[in-house]
Amino acid sequence: MVIGDEPHRPYDRPPLSKEFLTGPYDEDRLLLRPTADPANLDFTLKLGRKAIELDVEQGRVMLDDGEVITYEGLVIATGAQPRRLPASAGAEGASGLHVLRSLDDARSLREDLHPGKRVLVVGAGFIGAEVAASARQMGCEVTLIDLASAPLDRVLDSASGMAIADLHRSNGVDVRLEVALDHVEVDEGGRVKRSVLSSGDVVAIDTVVVGIGVVPNTGWLSGSGLTVDDGVVADETCLAAPRVVVAGDVAKWPNRSFGGRMMRVEQWDNAIDQGGYAGRRIVAAIKGDALATPVEPYAPIPWFWSDQYDRKIQLAGMPTERAELMQGAVADRQFVKAFLDEDDVVQGVLCWNRPRQAVLGRQLVAAGESVAAARERLG
Amino acid sequence: MKVNVDFDLCESNAVCMAVAPETFEVRDDDFLYVLNENPPAEHHEKVREAAERCPKQAITLEDV
């Protein structure tokens, strides 16, 4: 049985910030397994229903309509939700204010992206940067702001982050860094009209998109006894309790490929891999003594990409403070960089319009290769 | 099994190459090459996974 709080059939999220906003994809194009007949699946799909409480001892999940589901094995994959502006921003409930996570969010945002409309994007992470690019493609006037000194500062070195800023500027986006949104002013009709930045600057707007990160959906687990710390904490096999495993954006687990570092990965590729792993893991847990069954740890090399304008930006592995150029030039926006640890072992590989090197880079990270091997294979 | 790629949809994300390198290769020109359009039986499972995971759903498979 699969329970989900959205009313829609399962769909693919990455196009929501890109092809769905700019037009080429309609909703049918987003569906996973579009030809599958929901009545013919060999599992029950409960849509539009929310889990509100978990009893690990009894093996029971309570739903929002009062139904109680008893389980032998449970996979927690409740994902995350967008972080909202603080109440002090004064924009709560205003029309023209958006976040982007779900199909409903994207439907609503799409209505507001018309040529000439003035769009403020708060946060230059993946969602913010992709929405800024899509809004430009739709002919909007776009301002992109971020608190950090460079876009994508959680995942890129500053030189590569500044290359993102340059990419947006050369496509006509007004990029402003080290600045926050102080508050939003609303017109008589309840629609956003002006934004005041922490610098004191005022930007006239028709639409605001807030992309300031996500918060894992763990509220329903308070009182469950599971450990929650920016995600549901699990062991290196994704097991959070004897018959409970975690997967996707909500999962936090030690990744042995990176010295057991606690990770929570918000990427599409990991959601697929970890979901498959979680399914196998829970079957092992149900069949055998959960803690005694030997299971290979889940130790992936994370891999993500982001499409902005005509650039495909891919990162395999994890960024570090030490970045070394392997080929190309940052100024040309086509390059490969390796991220190294203090022993010159490759921890991550960043590729701009170099997809082949992203695959090779992921193999280098998995094999624990040094910078010399990376130069040879990626140069 | 016959492998077809819709090159109008393909964006060279190289997911297929990561899953099934015997069959799919993205080269330095950033284009995808199908190394074997009729992969042998031992590669079928990986090729099916590659087709399922393609973010653009650009790979289709025919039984022959």
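How many residue pairs are in polar contact between chain B and chain A? The count is 13 residue pairs, both residues of each pair being at pLDDT 80 or more; a polar contact here is a pair of N or O atoms within 3.5 Å, where within protein one must be able to donate a hydrogen and the other to accept it, and where residues adjacent in sequence count only if both atoms are side-chain atoms. The structure is a predicted model, in which local features need pLDDT of at least 70 and side-chain atom pairs count only at pLDDT 80 or more, while totals for chains, interfaces and linings use all residues. Residues are numbered from 1 along each chain as its sequence is written, chains are lettered from A and ligands numbered from 1 in the order in which they are written, and side-chain values use heavy atoms, with hydrogens and water left out.

We can turn next to chain A. Its secondary structure comes to seven helices and 26 strands (DSSP runs numbered from the N terminus, H or I of at least four residues for helices and E of at least two for strands). For 379 residues, a compact globule would have a radius of gyration near 21 Å, and the 22 Å of chain A agrees with this; the radius is taken over C-alpha atoms, and the globule rule is 2.2 Å times the number of residues to the power 0.38. Along the principal axes, the C-alpha atoms of chain A fill a box of roughly 60 × 60 × 40 Å. Of the 379 residues, 50% count as buried (under 20% relative accessible area, with exposed over 50% and partly exposed in between, for a 1.4 Å probe and protein chains only). Among contacts in chain A (heavy atoms within 4.5 Å) between residues at least 6 apart in sequence, 56% join residues at least 24 apart.

At the interface, 17 residues of chain B are in contact with 23 residues of chain A. The two chains bury about 1,600 Å² between them, 44% of it on carbon and sulfur atoms; this buried area is the accessible area (1.4 Å probe) that two parts lose on being put together, summed over both. Seven salt bridges are counted between chain B and chain A, each a side-chain nitrogen of Lys or Arg within 4 Å of a carboxyl oxygen of Asp or Glu. On the side of chain B that touches chain A, two or more residues each come from helix 1 (15–19), strand 2 (24–26) and helix 2 (44–53) of chain B. Helix 1 of chain B gives the largest share, three residues.

A:Asp269 forms a salt bridge with B:Arg53, with the closest N and O atoms 2.8 Å apart. The pair joins two chains, because A:Asp269 lies in helix 5 (residues 268–287) of chain A and B:Arg53 in helix 2 of chain B. A:Asp269 counts as buried at 4% relative accessibility, and B:Arg53 is buried too, with a relative accessible area of 10%. B:Arg53 also forms a salt bridge with B:Glu49, at 3.2 Å between the closest N and O atoms. These two residues are four apart in helix 2 of chain B, so about one helical turn separates them; B:Glu49 is partly exposed, with a relative accessible area of 37%.

B:Glu25 likewise has a partner in each chain: A:Arg356, with the closest N and O atoms 3.1 Å apart, and B:Arg27, with the closest N and O atoms 3.9 Å apart. B:Glu25 counts as partly exposed at 21% relative accessibility, as does B:Arg27 at 33%.
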